[in-house]
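Dear colleague,

Please find below the structure that I am handing over to you. My notes on it follow directly after.

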Amino acid sequence: MTDTARYLPSLVYLVPSLLVALYALRGSPPHSNVLPAPADRGLDSLPPNSRVREIYPENWLEGGGYVTLPLGRVKYWIVGPENGKKVVLIHGLTTPALAFARIVPLLVAANFRVMVYDLYGRGYSDAPRTAPYDTNMYVTQLALLLQHVGWDRTRLVGYSMGGAIAAAFVATFPNLVEKDVGLIASAGAGEKGIPLTSYRHFALARWIVFQGFLRRITKGRSTAVELPPASEIAPLQAASLPGYSRAVASSLHEGPIVRMRWAFRSRNWKGRRVMFIFGTNDTVVKPVDVTTLRATLKEYADPDVRVVDVAGAGHDVVVTHAPLLAAALVEFFEDKVKYV
Ligand SMILES: *[C@@H]1O[C@H](CO)[C@@H](O)[C@H](O)[C@H]1NC(C)=O
């Protein structure tokens with residue numbers, strides 16, 4: 001009796017420590033090589049009358065389709081005249097293809113053939129469970145999607161993280177990209193990782209990073225004219241899609257957001273035309289980041305660069321200044337204006 005009482009205090013520490021050690025050292029289940037790889041479903045698994053699908057209905061554009069790729073199902077839409085100049089728009093970290101809701105109709109009106117799609121883990125595309133959301137995942141997703149729709153080459157426009165994906169795509173699959181590349185508020189200048197990256201395999205680390213991020217974006221929205229629902233769609237996806245927070249947290253830790261300057265140093269930019277568009281009041285991708293990316297391109301392959309700075313615009317420039325952006329992109333792709 002007295003012995004037990006003597007050991008009780010150390011047992012109080014010993015038992016939880018053992019449990020923690022066992023948890024940390026636990027093994028993994030055997031790796032599955034089945035394709036398509038295990039994934040969580042996208043928005044199509046929710047009832048059509050759910051709030052997030054009311055904001056972002058599957059038929060927000062005509063011409064929608066699905067393709068099942070090795071890492072899961074991908075949703076895309078193709079609109080505009082069949083013989084129009086082809087352009088693919090790549091969205092960013094949190095908001096799916098809906099981010100381009102105001103730009104797509106304007107490009108179609110200018111006779112472009114436009115493809116938009118949801119990146120893995122966002123909107124209607126599946127969220128792979130076992131693969132990191134890294135540059136390899138995103139460039140491969142686009143290359144296989146182009147193969148599926150039978151597009152040999154396309155113009156590219158990337159917004160925010162989509163800009164870094166576009167740059168990596170030029171560096172990796174130059175033969176699939178036309179001469180002209182548009183980069184809107186493009187990520188890729190930063191070289192410093194976010195905290196907890198070494199612990200990214202722990203669910204707790206992913207949770208902390210995602211929650212911190214969610215708080216920042218819901219607070220940091222500009223109050224300017226906006227599609228009201230766009231500010232809602234990140235938290236709604238987080239609440240209703242089982243794979244969404246994993247996709248965003250993994251993209252923050254190992255995705256095409258930081259340590260991407262290699263893509264802008266690629267020789268594959270040689271002879272291309274690049275247009276940077278950014279908001280002068282953007283606090284997410286700062287104007288100085290655009291200066292860094294321009295300097296990197298210039299130092300290595302020195303393509304023709306044009307810059308459009310949108311006075312007073314924030315990071316949601318694709319929503320707040322859609323007509324201006326669409327006009328700039330059309331003029332750029334049609335190469336009507338000569339510049340130095
Ligand atoms: C942009 O930033 C400047 C300087 O911080 C500020 O004076 C101006 O009001 C901002 N413009 C908008 C549209 O937010």
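In which helix does valine 170 lie? Valine 170 belongs to helix α5, residues 161-172. Before going further, please note that this is a predicted model, in which local features need pLDDT of at least 70 and side-chain atom pairs count only at pLDDT 80 or more, while totals for chains, interfaces and linings use all residues. Residues are numbered from 1 along each chain as its sequence is written, and side-chain values use heavy atoms, with hydrogens and water left out. Helices (H or I, at least four residues) and strands (E, at least two) are DSSP runs, numbered from the N terminus.

Leaving aside residues up to four places away in sequence, valine 170 touches Leu156, Val177, Val181, Asn268, Trp269 and Arg272, where contact means heavy atoms within 4.5 Å. The C-alpha atom of valine 170 is separated by 7.8 Å from that of alanine 263, although the two residues are 93 residues apart along the chain.

The helix as a whole is largely enclosed by the rest of the structure, because 11 of the 12 residues of α5 are buried. Among them are Met161, Ile165, Phe169 and Val170. The cover over the buried residues of α5 includes β4 (85-90), α4, β7 (154-159), β8, α8 and α9 (261-264).

Just after α4, glycine 150 takes a positive phi of about 75 degrees. Helix α8 is largely enclosed by the rest of the structure, since nine of its 11 residues are buried; Tyr244, Arg246 and His253 are among these.

Pocket and cavity

Rolling a probe the size of a water molecule over the atoms shows where empty space is left. The search uses a 1 Å grid over the protein atoms alone: a cavity is a set of points where a 1.4 Å probe fits but cannot get out, a pocket is an open set with protein on both sides within 12 Å along at least five of seven lines, and lining residues have an atom within 4 Å of a point. Grid points are joined across faces, edges and corners, and a volume is the space filled by probe spheres set on the points.

The second largest pocket has a volume of about 640 Å³. Its lining holds 23 residues, of which Ser28, Arg129, Thr130, His201 and Arg206 lie nearest the centre. The elements giving two or more residues to this lining are α1 (2-24), α6 (203-219) and α8 (244-254), and α8 provides the largest share, three residues. By class, the lining has 10 nonpolar, seven polar and six charged residues (Ala, Val, Leu, Ile, Met, Phe, Trp, Tyr, Cys and Pro count as nonpolar, Asp, Glu, Lys and Arg as charged, and the others, Gly among them, as polar).

The structure holds one cavity of 30 Å³ or more. The largest cavity has a volume of about 40 Å³, and its lining includes Arg41, Arg122, Leu241 and Tyr244.

Individual residues

Arginine 53 lies in helix α2 (residues 51-55) and is buried, with a relative accessible area of 11%. Its side chain makes a polar contact with the side chain of tyrosine 124 at 3.5 Å (a pair of N or O atoms within 3.5 Å; within protein, one must be able to donate a hydrogen and the other to accept it, and residues adjacent in sequence count only if both atoms are side-chain atoms). The side chain of arginine 53 also reaches the backbone oxygen of aspartate 44 at 3.4 Å.

A cis peptide bond joins leucine 35 and proline 36, with omega at about -5 degrees.

How values were computed
Buried means under 20% relative accessible area, exposed over 50%, partly exposed in between (1.4 Å probe, protein chains only).
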